[in-house]
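Reader: I would like to learn how to read a predicted model by its contacts and its cores. Could you walk me through one?

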Amino acid sequence: MKPARRLIGLAGLALAAGPAAAGSVWVASQQGARATRIERPEGARVAEVGAALAVAPSPAVVAAGPGGRLYLSHPDGRAITVIAPDGAMRRWPVPGQAFGLAADPDGRALYVGDWSGNRVLRLSAETGAVEAEVAVGRDPAGLALGVDGRLYVAERENRSVGVVDTARMARIAGIPVGDGPFALAYDPVRDRVYVANVRSNDLTVIDAGALKPIATVPVGASPYGVAIGPDGRRVVVTNQHAGTVSIVDAEALAVVATVPVGRYPEGVAILGGRAYVANWFSDDVSVIDLAALTETGRIPVAEGPRTVAADRPVPGEAGR
Amino acid sequence: MRRVLTTLAILLAAGTALAHGPTPQKVDQTITIRATPDAVWKVVGPFGGIGAWHPDVAKVEATGGDGAGAVRKVTLKRGGTLVEGLDEWKGAERTYSYRMSDPDLDALPVSSYSATLTVTPDGDGAKVEWMGRFYRGDTGNEPPENLSDAAGKEAMNRYFAEGLKGLKAKLEGGPQR
C-alpha cells in the first residue's frame with residue numbers, strides 16, 4: 001500500500017506546477033536545503049505538504065516564474081537554482097551574493113539582487129547568462145516588479161526603495177522609507193508598493209505612480225516579510241521578532257488584526273484567501289485565514305524556512 | 001603579520017558590520033532550575049540586571065528600565081561591550097526580547113543578533129530558554145575562520161549557556177564549602 005501511495009506522490013510531484021486548480025505555495029528552507037510545496041486541493045479543508053525537493057545548500061529566497069518555474073537564490077553559494085515544472089533542476093552561477101529575486105511575467109528575464117555588490121543583475125530566464133546590471137543602494141534585499149517594467153528594490157542600508165527602469169536598466173528614483181527596508185510587495189490594484197522596515201518597525205506605503213511615500217503604518221517588532229493578496233484588500237506583514245503577523249487594511253491603512261504565529265516568522269505569500277507564513281525558528285508554516293483573521297494550522301517543513309512564493313495557476317493573472 | 005591580517009579582517013568586517021548578511025543562524029539554550037518561575041524571573045527579568053547572574057559580565061550600564069527602547073551596555077570580563085536594546089518586556093508572561101545595537105567583534109564574533117529569554121514552569125521548578133538569531137561576524141562570501149558561521153555559533157551558544165549556568169548557580173546556591 002505504501003509504495004503505491006509513494007508512486008502517486010511522485011506522479012503528483014512530476015505535475016508539481018502544472019495547472020492545479022487551486023495553485024500552491026513553495027517554501028525555501030535554508031538549513032534544510034529544501035523547496036517544499038504546500039497545496040490545498042480543491043474542496044480540501046486543510047493545506048498539506050505536496051513535495052519536498054532537495055536543493056543545493058542554503059537557499060534563501062524562492063520566487064515563482066511563469067509556467068510553473070521556480071527560482072531559488074543561494075547567497076553563500078553564489079548561485080541560482082532553477083526548478084522546471086517537471087522537477088528538473090539546473091544551477092546557474094551568479095557573480096555575487098545572490099539574494100532577492102523577481103521573475104518577469106513574460107518569462108524573458110530574472111532579476112537578482114547582489115547583496116554585498118549593491119547592484120541588481122538581469123539574467124536571461126532561458127540561459128541564466130548575465131545580460132545587464134544596475135547599481136542600487138546599499139544592501140539590496142527584497143525585489144518586486146511593478147507595471148511598465150519597473151523594478152522596486154528594498155535598499156536596506158540606504159533607508160530607501162530604489163526604482164529601476166528595467167528596459168534601460170537604470171535606477172530612476174530613490175524613495176525615502178523607514179529604517180532598514182527589507183521586504184516589499186507591489187499592489188497592482190492601487191498601484192502601490194508596501195515596504196517593511198525592519199529597524200523602525202513600520203510599513204511604508206508608496207504611491208508607485210507619484211514615486212512618493214504616502215503613509216507609514218506602525219506594525220510589530222522587526223517586520224521582515226510582506227505580501228498583498230490579488231484583490232488588494234489586505235497587506236500581511238510578518239513581525240519576525242514579535243512572533244506575530246500584522247494584517248493591514250489597504251483602504252484604511254491601519255492594522256486590523258495581530259495574529260500570533262510561530263517563532264521568527266519571515267517570508268509570507270497569499271493564495272486563495274490564506275496567508276502562508278514561514279516560521280524560520282520553529283521550522284513550520286503558519287496558515288492564516290484572511291477572512292477569519294486567525295491561524296488555522298501549522299505545517300512542519302525542513303529546517304529554517306525563510307521565504308514563501310505563491311505559484312498561481314494562471315501566470316500573470318490574479319488567481320483565486 | 002598575523003596581527004596585521006587579523007586587524008584587516010576586523011576592519012573589513014566592520015565595513016559590512018551593519019550589513020546584516022543574508023544567512024542567519026540559530027542559537028538556543030535551555031536550563032531547568034530548582035526555584036519557582038517567579039523567583040527565577042525576579043533575578044533574570046530586569047533587563048539591566050544581567051550583571052547579577054551572568055558570570056561573563058564585568059559591568060552593565062543600563063538606561064530606560066524595562067520599557068521598550070531601554071538600552072544596556074554590557075562589558076564582558078574578557079573584553080568587548082555588547083550594546084543591546086529592549087524590544088519587548090512582558091512581566092506577566094516572564095519573557096523579554098532584545099536586539100544588538102552595535103556590533104563589537106571583540107565581545108562576540110557576530111554582526112547582529114536578536115534574542116528572547118523566557119521563564120516557564122517546569123514541574124516544581126522553572127525552565128529558562130534563551131534563544132535567538134544571529135549573523136556571522138563577516139557576512140561576505142569568504143569569511144575568515146574566526147568570523148564564520150561556525151565561530152559565531154560556538155560563541156553565541158557558549159555565551160548563552162554560561163549565562164544560564166550562572167543563573168542556575170545563583171538561584172540554587174553554589175556547592176557548599
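**Cores, helix and loop**

Author: Gladly, and let us begin with one residue. Leaving aside residues up to four places away in sequence, Y276(A) touches V25(A), I38(A), V268(A), A269(A), L271(A), V285(A), V287(A) and V308(A); touching, or contact, requires C-beta atoms, placed from the backbone, to lie within 7 Å. This is a predicted model, where local features need pLDDT of at least 70 and side-chain atom pairs count only at pLDDT 80 or more, while totals for chains, interfaces and linings use all residues. Residues are numbered from 1 along each chain as its sequence is written, with chains lettered from A and ligands numbered from 1 in the order in which they are written.

Reader: Which residues touch the most other members of the largest nonpolar core?

Author: In soluble globular proteins, nonpolar side chains tend to be buried together. Here the largest nonpolar core has 95 residues, and V161(A), L184(A), V226(A) and Y276(A) touch the most other members. Another core, of 34 residues, lies apart from it and includes W41(B), V44(B), L82(B) and L117(B). A nonpolar core joins buried Ala, Val, Leu, Ile, Met, Phe, Trp, Tyr and Cys residues through C-beta atoms within 7 Å. Buried means 20 or more other C-beta atoms within 10 Å of a residue's own; exposed means 12 or fewer, and partly exposed lies in between.

Reader: Which residues of α3(B) are buried?

Author: An α-helix has 3.6 residues a turn, so residues three or four places apart point the same way. In α3(B), the buried residues are G152(B), M156(B), Y159(B), F160(B), G163(B), L164(B), L167(B), K168(B) and L171(B). Among the elements covering them are β1 (25-33), α2 (37-44), β6 (110-122) and β7 (125-136) of chain B. Helices (H or I, at least four residues) and strands (E, at least two) are DSSP runs, numbered from the N terminus. Just after α3(B) comes G173(B), with a positive phi of about 85 degrees.

Reader: Back in chain A, is G32(A) buried or exposed?

Author: G32(A) counts as buried because it has 21 C-beta neighbours inside 10 Å. Its place is the loop between β1 (24-29) and β2 (34-39) of chain A. Beyond residues up to four places away in sequence, G32(A) touches A302(A), E303(A) and G304(A).

Reader: And how many residues of chain A are in contact with chain B?

Author: The count is 19 residues of chain A, against 15 residues of chain B.

Terms used. Contact = placed C-beta atoms within 7 Å.
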